[in-house]
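Colleague: Could you take me through this model, please?

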Amino acid sequence: MEYKITQSASPVSAATITKELKLARSTTYNILQALSAKGVLHKVPIITIDRAWGD
């Protein structure tokens with residue numbers, strides 16, 4: 001599984017990641033939360049992008 005979230009010019013929504021990787025929503029959130037806990041990613045509080053993640 002490869003997804004270049006850290007190379008994106010703008011934050012990527014969890015919904016986009018879920019759709020593109022064909023994962024269950026819960027699996028996507030578990031992965032994102034684990035990466036966030038390790039300091040690899042953080043949740044970006046942008047009003048126009050709900051629940052977006054970036055580096």
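Predicted model: local features only at pLDDT ≥ 70, side-chain atom pairs only at ≥ 80, totals over all residues.

Colleague: Which residues of helix α1 are buried?

Modeller: In α1, residues 14-21, they are A14, I17 and T18; helices are DSSP runs of H or I with at least four residues, numbered from the N terminus, and buried means under 20% relative accessible area, exposed over 50% (1.4 Å probe, protein chains only). Seen down the axis of α1, these buried residues fall within an arc of 100°, so they line one face of the helix; the arc is that of the directions from the helix axis to the C-beta atoms.

Colleague: What does the face turned away carry?

Modeller: That face of α1 carries the exposed residues A15, K19 and E20.

Colleague: New topic: where is K22 found?

Modeller: K22 is in the loop between α1 and α2 (25-37). K22 has a positive phi of about 55°, although it is not a glycine. Most residues other than glycine have a negative phi.

Colleague: Is K22 buried or exposed?

Modeller: K22 is exposed, with a relative accessible area of 76%.

Colleague: At what angle do α1 and α2 pack?

Modeller: The angle is about 120°, and their axes are 9 Å apart; axes are lines fitted to C-alpha atoms, for helices over the stretch in contact, and angles run from 0 to 180 degrees between N-to-C directions.

Conventions:
Residues numbered from 1 in each chain as written. Heavy atoms only, no water. Helix = DSSP H or I, 4+ residues; strand = E, 2+ residues; numbered from the N terminus.
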